[in-house]
Amino acid sequence: MAKTKQICRFNLNQDLATREFGAPSKLVEFIQADGSRSDSQRLKCCSDKDPSTLDDSLTKDDFYLCTATDLQGKPPYRFLALEGTRESKEVEVAALQAEYELIPSGISAKQYNQLTILVKSRHSDNEPRLRTRCIELEGSAQIHSGTWNDDTGFCDTS
């Protein structure tokens, strides 16, 4: 992101509702079960909107306006380096918010403080001892992992 000076917006509710668990291919992976690439707009690293229509989460100068020519031949960004693993077929994921933005410095835009993704076993309904894990990307670009606490509604990273 810093190299291309682009802002990335995660539209996490494109294929899976906020706080709804589903396959990683519906939230963080782009390779689908049949091997094709999703055409979802879950991860967009530029803006094709008129800057005068943007809200105040970022200044209008922060957005890179994409044209069709700009987008041709560009390698797509990805959430994960490796997708479609055997392990990914054994888990379900959920995002706690609908969207998140990162600016080139690696810090989140001010209206999105942190991104929380929950990961649980597909078998957790039958095995109550299996815990839901959580991954948090803080607004300052720090990443934490821990166990999700349903009672408090927070990720216990201690």
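**Disulfide**

I began with the cysteines of this predicted model, and found that Cys134 and Cys155 form a disulfide, with their sulfur atoms 2.0 Å apart. I noted that the count of disulfides comes to 1. Cys134 belongs to strand β6 (residues 133-138) and Cys155 to strand β8 (residues 154-156), so the pair ties together parts that are 21 residues apart in sequence.

**Open sheet**

I turned next to the strand pairing and traced an open sheet of 3 strands in the order β2-β1-β4, with antiparallel pairing. The edge strands are β2 (43-44) and β4, each of which pairs on one side only.

**Aromatic pair**

How many aromatic pairs does a search of the whole structure find? I recorded 1 aromatic pair. The ring centres of Phe10 and Tyr100 are 6.0 Å apart and the planes stand at 10°, so I listed the pair as stacked, the angle being under the 30 degrees that stacking requires. The pair links distant parts of the chain, since Phe10 is in strand β1 and Tyr100 is in strand β4 (residues 99-102), 90 residues apart. Both Phe10 and Tyr100 are buried.

**Asn11**

I stayed with strand β1 (residues 8-11), in which Asn11 lies. Is Asn11 buried or exposed? At 14% relative accessibility, Asn11 counts as buried, because the value falls under the 20% limit. Leaving aside neighbours within four places in sequence, I found Asn11 in contact with Gln41, Arg42, Ala98 and Glu99. I also checked the separation of Asn11 from Lys44, 33 residues apart along the chain, and their C-alpha atoms are separated by 7.8 Å.

**Charge over a ring**

My last entry concerns Lys120, whose charged end sits over the ring of Phe21, 4.4 Å from the ring centre.

Note on methods:
Residues numbered from 1 in each chain as written. Predicted model: local features only at pLDDT ≥ 70, side-chain atom pairs only at ≥ 80, totals over all residues. Heavy atoms only, no water. Helix = DSSP H or I, 4+ residues; strand = E, 2+ residues; numbered from the N terminus. Buried < 20%, exposed > 50% of the residue type's maximum accessible area, 1.4 Å probe, protein only. Contact = heavy atoms within 4.5 Å. Phe/Tyr/Trp six-rings, centres within 6.5 Å; stacked < 30°, edge-to-face > 60°. Lys NZ or Arg CZ within 6 Å of the ring centre and 35° of its normal. Pairing = 2+ DSSP bridges. Disulfide = S-S within 2.5 Å.
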